[in-house]
Amino acid sequence: MGGSERDDVRASGAPPEPGQVPDHGGAHAVASAQRHGVQTMFTLSGGHVFPLYDGAVKGDPPLRIVDVRHEQTAVFAAEATGRLTRSPGLAVLTAGPGVTNGVSAITTAHFNGAPLVVIGGRAPDYRWGAGSLQEIDHPVLLGAITKRAFTEHQSSGVGAAVDAAFALAGTRHRGPVFLDVSLEALFGSTGSRPAAPARAAAGQTATGQTAPGQTAPGQTAPGQTAAGRAAGGQAAGGQAAAGADAPGGGVTGPEAVAQIARLLAQASRPVLVLGSDVWLDGAADAARAAAEQLALPVIANGQGRGILPAGHELLVSRARSVALGEADLVIVVGTPLDFRLGYGDYGGKNGTPPALVVHVADAAERVARHRELAGHAAGDLAAFFAGLAAVTPEAAGAAPPRWTESWLPRLQAAARAAIAADTPLLSSDAEPIHPMRIYGELARLLDSDAVVIGDGGDFVSYAGKYLEAQRPGCWLDPGPYGCLGTGLGYAIAARIARPSAQVVLLLGDGAAGFSLMDVDTAVRHRLPMVMICGNNGIWGLEKHPMQQLYGYDVAADLQPSCRYDRVASALGGAGEIVTVPGQIGPALRRAFDSGAPYLVNIITDPEIAYPRSTTGV
Ligand SMILES: Cc1ncc(C[n+]2csc(CCOP(=O)(O)OP(=O)(O)O)c2C)c(N)n1
Ligand SMILES: [Mg+2]
């Protein structure tokens with residue numbers, strides 16, 4: 001059945017005309033969400049949450065509903081909406097298994113600091129304890145993986161509870177908030193209809209989403225500079241203690257910045273690491289300005305990618321092991337000192353002493369406690385960067401910082417050498433196909449605002465290394481929780497958040513199995529995307545390490561050359577299989593031109609393992 005026939009069938013179901021906004025708890029929940037800029041509800045149906053749908057359909061304006069095939073896709077899509085727009089996404093899950101199916105995705109949002117609100121249905125209070133269908137106390141399960149997990153029991157309280165959930169989710173350090181609403185509170189009349197939400201939240205585009213590189217709502221207000229915020233914070237917060245959030249304004253304390261500036265003034269081999277929270281906190285422009293003013297070599301991590309565009313003279317991500325191994329000062333901003341960043345142990349290579357480490361986070365509780373720090377700060381990251389540039393002597397521009405003499409050129413040379421060394425494999429004619437050839441072909445076709453998403457093992461590790469973003473907010477990996485299955489949810493969200501951008505989903509063949517059924521969702525909701533399956537027929541990131549450890553492997557094989565492209569076609573999308581390197585480019589072009597959810601199933605060499613120094617375990 002084609003899209004238009006399907007719409008006809010739907011129309012025959014005669015959905016009610018918007019205009020008469022109901023007065024139940026569900027309608028108030030929807031109106032509150034809309035007031036926080038929500039444009040899409042991601043969900044999978046269940047009777048406990050019907051009033052939320054009724055509120056969406058009859059809302060003023062109606063709220064778009066994207067109904068998916070697995071609750072984890074709904075939550076991943078809402079999480080990705082938060083990560084791309086920097087304004088909380090919304091997932092609605094039915095009671096019991098609907099909520100528990102969302103747990104891995106909620107945990108992923110928790111690890112990613114992604115602004116997200118999940119509203120759950122809940123068995124009725126009046127029968128609680130008698131064993132109604134799907135009666136389970138969700139907040140008890142979700143407390144450890146959310147900023148707050150709570151229940152609303154009164155119809156009249158639903159609007160305010162949803163309002164509080166959004167406010168909390170969108171405040172640094174951002175993260176998921178879970179709210180369930182008992183059946184009678186959600187269905188029950190509140191006695192009043194919700195006020196119409198403002199039609200366009202300030203700072204959002206016509207689609208309601210934030211364009212890449214654009215300041216998100218709730219970040220720097222028009223006419224207010226980040227430096228102004230820092231100054232305002234000083235006036236309001238006084239001498240905030242180093243490492244503490246200033247009350248109210250969330251501005252980094254000036255003494256902390258001054259201390260870090262002093263460390264920088266004494267450094268010879270500094271490195272600045274930019275992580276996801278720099279983007280999520282609306283600090284991308286300030287970070288770039290500070291890095292450029294101070295001529296600091298930069299390594300990008302997670303959603304910090306693209307803050308300095310690929311090819312920028314200060315971007316030395318490809319010289320990472322020299323940079324972090326020989327630095328004397330590493331300033332890590334907006335990302336934890338976790339396994340992805342060697343737990344914060346830097347320097348000590350080639351006869352250098354251990355490096356001093358500075359950790360700057362968007363909230364005091366995020367500052368690392370597992371290692372000694374030479375400095376730390378917390379709060380508004382744009383204000384931090386503006387403050388650092390302002391108080392560092394080099395900022396005056398009197399003399400170029402000393403590290404521009406030999407340290408920076410050395411890292412630039414190392415980065416250039418690493419990039420040059422890739423060239424043969426990026427254009428490899430080997431058969432079976434070398435996974436790097438796929439990235440060589442893809443890089444040529446990507447627009448500067450393309451959203452690239454990775455879901456898989458080795459196949460995605462290659463992408464992380466060889467694809468460098470041109471703009472911030474255009475790269476989505478699963479983050480430190482490392483959960484397979486984010487793929488279709490993230491891609492669906494990206495297509496909605498960035499209607500005119502290319503959306504490219506890189507899928508390992510193992511990862512594909514978690515979410516491929518949601519190609520059906522992309523088809524039903526007309527969400528074109530390019531899916532590239534790196535099909536090596538194995539769980540590569542497990543098979544090769546197990547071989548190394550035990551000399552054999554088990555539970556690591558998948559069907560060789562499985563036709564995942566036909567799965568996409570069977571679900572109403574399109575696709576093709578590619579077995580020789582010369583076919584990759586033309587197949588990718590067909591995928592971009594198709595205007596459909598299109599899966600290019602590329603059979604790659606299972607013998608090739610990504611050259612990694614650690615599996616993170
Ligand atoms: C939900 C979940 N289950 C299991 C894992 C462990 N795991 C990490 S990578 C990986 C293999 C991924 O295989 P595939 O997607 O085919 O990519 P490849 O490594 O083969 O390129 C597995 C099973 C995980 N990270 N998440
Ligand atoms: Mg695989």
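A residue is buried if 20 or more other C-beta atoms lie within 10 Å of its own, exposed if 12 or fewer, and partly exposed in between, with C-beta atoms placed from the backbone. The model is predicted: local features need pLDDT of at least 70, side-chain atom pairs count only at pLDDT 80 or more, and totals for chains, interfaces and linings use all residues. Residues are numbered from 1 along each chain as its sequence is written, while chains are lettered from A and ligands numbered from 1 in the order in which they are written.

**View 1. Two residues with positive phi.** R86 counts as buried because it has 27 C-beta neighbours inside 10 Å. Its phi is near 60°, a positive value in a residue other than glycine. R86 sits in the loop between α4 (71-85) and β3 (89-93). Helices (H or I, at least four residues) and strands (E, at least two) are DSSP runs, numbered from the N terminus. A295 also has a positive phi, near 55°. Its loop runs between α13 (284-294) and β8 (298-300). With 15 C-beta neighbours inside 10 Å, A295 counts as partly exposed. Most residues other than glycine have a negative phi, and most peptide bonds are trans.

**View 2. Two cis peptide bonds.** The bond from R172 to H173 is cis, with omega near -15°. H173 is in the loop between α8 (158-169) and β6. The bond from E431 to P432 is cis too, with omega near -5°. P432 lies in the loop between α16 (407-426) and α17 (435-445).

**View 3. V177 in strand β6.** Strand β6 covers residues 176-182 and contains V177. V177 has 27 C-beta neighbours inside 10 Å, so it counts as buried. T146 is 31 residues from V177 in sequence, but their C-alpha atoms are 5.3 Å apart in space.

View 4. Helix α11 (residues 254-266) has 13 residues. From first C-alpha to last it reaches 19 Å, close to the 18 Å expected at 1.5 Å a residue. The expected span is 1.5 Å times one less than the number of residues. Its buried residues are P254, A256, V257, I260, A261 and L264. Seen down the axis of α11, they fall within an arc of 155°, so they line one face of the helix. The arc is that of the directions from the helix axis to the C-beta atoms.

**View 5. A six-stranded open sheet.** The strand order is β13-β12-β14-β15-β17-β16, with parallel pairing. Two strands pair if DSSP finds at least two bridges between them. The edge strands, β13 (475-476) and β16, each pair on one side only. Five bridges join β14 (residues 503-508) to β15 (residues 529-535). Within that pair, L505 has M531 in β15 as its bridge partner.

View 6. Four of the five residues of β16 (residues 574-578) are buried. β16 runs parallel to β17 (residues 597-603), and five bridges join them. E576 has V600 in β17 as its bridge partner. With helix α24 (residues 584-594), β16 and β17 make a right-handed β-α-β unit. Right-handed means that, with the strands pointing away from the viewer, the path from the first strand over the helix to the second runs clockwise.

**View 7. The shell around ligand 1.** Of the 19 residues around ligand 1, G457, F459, G508, G510 and G540 come nearest. The elements giving two or more residues to this shell are α18 (458-466), α20 (509-515) and α22 (540-550). A residue is near a molecule if its C-beta atom, placed from the backbone, lies within 6 Å of it.
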